[in-house]
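User: Please take me through the labels on this model. For each one, I want the value and the cut-off behind it.

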Amino acid sequence: MRHLFRHILCSTLLLGGLAAFVSCSTTRRLGKGEVLYTGVRKMTFTPAEDSLRIPAEVISAVRQPLNVAPNNALWSPYWRTGIPIRLWAWNYLYTPKEKGFKYWFYKRLAKPPVLISKVRPELRVKVTEQLFENHGYFDAHGSYELVPSKHKPDQKAKVNYRFTVSAPYTYDSIEYLTAPGRVGRIVDSLHAGTLLRKGAVYNLDTLVAERNRIATTLRSLGYYYFRPEYIAYDADTTQAPYRVSLRMRLADGIPPAAMQPYRIGNVQVTLVNPVPGPFDTMTLGDVRVRYQQPLKIRPRILAGTIRLKPGQIFNVEAQNRTQSDLNKLGIFNSVSLSVPPLDSLHEGQDSLNVHIYAAFDKPMQAEFEADFNSKSNSYLGPGVTFGLRHNNIFKGGEVLALNLTGSYEWQTGNKSQYETRPSAVNSYEFGLNASLSVPRILAPGFRYRGFTYPAHTTYKIGADLMNRPKYFRMLSLNLSAGFDFRTSPYSSHNLTIFKLTYNRLLHTSHVFDSTMQQNPAVALSFSNQFIPAIIYAYTFDRLYGSRQRNRFIFQGTVTEAGNILAGLYGLFGSHGEKRLFGSPFSQFVKGTAEVKWYHRVGLDNWLVSRFLIGAGYAYGNSKVMPYSEQFYIGGANSIRAFTVRSLGPGSYRPPKEMVNGYWDQTGSFKLEANVEMRFKIMGRLGGAVFVDAGNIWLLKNDPQRPGGVLRAKNFWKEIALGTGVGLRYDISVLVLRLDMGIGIHTPYPNPDKRGYYNISKFKDGLGLHLAIGYPF
C-alpha cells in the first residue's frame, strides 16, 4: 500500500507539470525501532473517590502537555485527515541540495514525521503530574500505554494516558509575610486584601499573584528594586492529611537596595530628529530637556506626558505611564527610559536619576494601494487608494490625512437569482476625504488630560460620487466629529457627536424612475435629504480560557438622526415638514447588536458563531429611513446561499414581471445567525463548513410589499436557511475566500415545492461567492 501511495503521488506531480523539479526516486524512511505517533486515543482522569469532582479548569490545564498534534491533524490530538500529503512530501520529495526551486517546494510542502521518541509520553506524564500539584492535587499519579496500529503495529501507534487523582490539599494555616521597618508596615496594610484564604485549595497561580501584588505595591511606594522573587513560600504537608501549612517569608540574599525607598532625582529628556541638527536645551519645571533644533513638539504637550517629577517618591506606575504616553503620541520612532542599575548605586543614596530618550519619526508619509475589495453587500472588484498624511501637523501628534479613492465593482452570487434583475449591476465610485486626528479628547474638562488607554478626537470631511449604471448617479457629502477611547483593555468606545450627511441624486435613468414610481416607500428613501446624526458604538473584545482558546466579541451601535434638530424647530413652533438649507432632513432611531464567539478546536481549527439583531424606526420628519440606513440580507458575508437583497422583507417576493424588484428588498428589522467550522487542509489552504440563517422585516406596513411586516405567527417560517462549504487561502496580508452556499429554505412560499425544503431545483439554491477576508 505504501508503494501504491508513492506511485499515485509521483504520477500526480508528473501530470501537474512538476516533473522538471521533482524526483520520485529519493525516499526517506523511519529509522530502525522508530514508531510514528498518530495521536492520542484516550485521556482518562479518574477520581480516587466517587464523591470527588475535578474542576473543568483543572482538567483543561493538565490536558495541555498531552495535546501533541500528529501529522495532518484534523482535531488535535485525536483525529487525523486521511491524506497525509505533507508527510508523503517529506518521505518522497527530499533533496539534499539546499537551494533552487525544488528545495523551496520541498520546504513549503514537507513536514517531518512526529515520532513517539520525540513526543516522549513518559516526560509528559511527569509534567502533567506537576501541573496537578500546582493546582493542589499532590497525590495524582499517571501512566501511559502505547496502542499499536492494527495495520502497521511496528510503525504506528497511538497513546493512552491514565491518571488517578486524589483529593486536593487545602490551606490549614497561613503565616503572612513579616518584614522589618516601613516595608513591614506596608505589608501589614495589605494583609486584609490577601488572595490567600484558609480552607481554600492550594494553587500555585494564587501564590504567584499574591507576591506580585505585594511587590507592585512596594514598587509604587518607592521600593524600585524590590522584585516578586524576593518573597518565598514554605509549604508543609506533613502536619495533617490533605492539609498545607503555608508560611510566606522574605527570600535569602535580598540586596539592601531592594529594601530601601527612593525618590526621583534628576529627570533629563533627550529628543533627536530624523535629520541631525544643533542641540539646544530648555526646562519644563524641574525637568531638563535637551533637543535637536527645530523642536518638533509643543512644550505643553511634552510636559503633560512626563509624570516623573524630581523629589517625589519613585513610582513605577508613573514611569510606565510616562513611556506609554510618549508612545501614544505617535510621533516617535522609539522611546526608552533608563534608571541607574542596581550595582551602580552608592550606599546611602536615596534618589534615582531618570533619562528619557526619544527619537522623532519622519512626519510625512505617502501611500498608494491597489487591492481587490470585497464588501458585505457581495460587491467586489479592484480599487486604488492614494493617501498623504502628516503625523505631527501641529506638533502635538495630530495626524492630517488626505485620501483619494477609486473603485470598480461587480456583484457575485447565484446567477439564477438575477432572473428579476438587469444583466449588468457593475458600478464605480470615487471619493475624496480628509481627516484630522488628535491623540487626546478635545472637550470641555478633558483637554490635554491623560488617559490610561489611547484616546483620539477625529474630524472628517469628504465627498463620494457613486455611479450605478442604468440607474442613478449620487453625490454624498459628509462632515463629522467624534471621539475614540478605551476604558479597559477589552472595552472601546466610539462617540460621533456630530455627523451631517447630504445625499443628492445627480442623474436617474428611466428604468430607475419607473421603479421608484412602483415603490413609493423606496422612492422616499432615495430623495435628496440631509442626515444629521449622533452615533455611539461600543465594542467588547476579549480572549479567555486556557491558552486563550476562546474569544468573545460584542458590538453594539445606536444611531439617532434629526431628533435634536426637530426639537429646536419645535421650540419655534414650526409645523409640517422641516427643512435644512432648503432640503428635508431625516429623523429616525436605529440600533444593532452583534455577538461573535470563537472557540479553537485543536491547534488550527476554529468553531465560530455570530448572532446579529438590528432595528430602525423613522418618525416625525420622515416616513422611512434613508436607503443607505435600511437593512438588507444575503451575500458573501451574510446568508451565502442567497444573493444580496434577494430575501425579504418577511415572506415578500417581487413579482417576476418587476424587473428591478430587488430595490425594495430592504427592511427596518434584521435577524441573522451564522455558525462556521474553519479547519486546516494543507499549508496555507483551509476549509470551512457553515450554516447561515436570518431575514429582514418591516416594522411599518407597506401595501406594495405584502407579507413584509414582522409578525409572531409567521416568524419561524420566514427565517431563510442555507448551508455550504468553502475554501480559504491565507497569504498573510489577506485571506482569499471561495464559498459555495446551498439553499435549504426560503422565507417566501414556493407553489412548485412545498414543505420546509422549498427550493425548486438544487442548482437554483446554489450561490458562489469569491471574497477577501473572513465573513465574520
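**Labels and cut-offs**

User: Why is Lys 395 called partly exposed?

Analyst: Its relative accessibility is 40%. Buried means under 20% relative accessible area, exposed over 50%, and partly exposed in between (1.4 Å probe, protein chains only). Lys 395 therefore counts as partly exposed. A caution: this is a predicted model, so local features need pLDDT of at least 70 and side-chain atom pairs pLDDT 80 or more, while totals for chains, interfaces and linings use all residues. Residues are numbered from 1 along each chain as its sequence is written, and side-chain values use heavy atoms, without hydrogens and water.

User: What is the phi of Lys 395, and where does the residue lie?

Analyst: Phi is positive, about 60°, although Lys 395 is not a glycine. Most residues other than glycine have a negative phi. Lys 395 sits in the loop between strand E15 (379–390) and strand E16 (399–411). Strands (E, at least two residues) and helices (H or I, at least four) are DSSP runs, numbered from the N terminus.

User: What is the phi of Tyr 242, and why is this residue called partly exposed?

Analyst: Tyr 242 is not a glycine either, and its phi is about 55°. Its relative accessible area is 29%, so the label is partly exposed. Tyr 242 lies in the loop between strand E7 (231–236) and strand E8 (243–250).

User: Which peptide bond is cis at Pro 294, and which at Pro 649?

Analyst: The bond from Gln 293 to Pro 294 is cis, with omega near -5°. Gly 648 and Pro 649 are also joined by a cis bond, with omega about 0°. Pro 294 is in the loop between strand E11 (287–292) and helix H9 (299–305). Pro 649 is in the loop between strand E26 (605–618) and strand E27 (669–682).

User: What makes E1 and E4 edge strands?

Analyst: They belong to an open sheet of 3 strands with mixed pairing, in the order E1-E5-E4. Strand E1 (36–47) and strand E4 (141–148) each pair on one side only. Two strands pair if DSSP finds at least two bridges between them. E4 and strand E5 (residues 156–165) run antiparallel and share 8 bridges. Tyr 144 stands opposite Tyr 161 in E5.

User: Why does Glu 145 with Arg 162 tie together separate parts of the sequence?

Analyst: Their closest N and O atoms are 3.0 Å apart. A salt bridge needs a side-chain nitrogen of Lys or Arg within 4 Å of a carboxyl oxygen of Asp or Glu. The pair qualifies as a salt bridge. Glu 145 is in strand E4 and Arg 162 in strand E5, 17 residues apart in sequence, so the pair ties these parts together. Glu 145 is partly exposed at 35%, and Arg 162 at 40%.

User: Are Glu 676 and Arg 728 buried or exposed?

Analyst: Both values fall under the cut-off: Glu 676 is buried at 0%, and Arg 728 is buried at 4%. Their side chains meet in a salt bridge at 3.2 Å, N to O. Both residues belong to a network of salt bridges that includes Arg 640 and Asp 739.

User: How many salt bridges are found in the whole structure?

Analyst: The search finds 23. Among them is Asp 702 with Arg 705, at 2.9 Å. Both of these residues are buried.

User: Why is helix H3 called largely enclosed?

Analyst: Helix H3 (residues 85–92) has 6 of its 8 residues buried, so the rest of the structure largely encloses it. The buried residues include Trp 88 and Trp 90.
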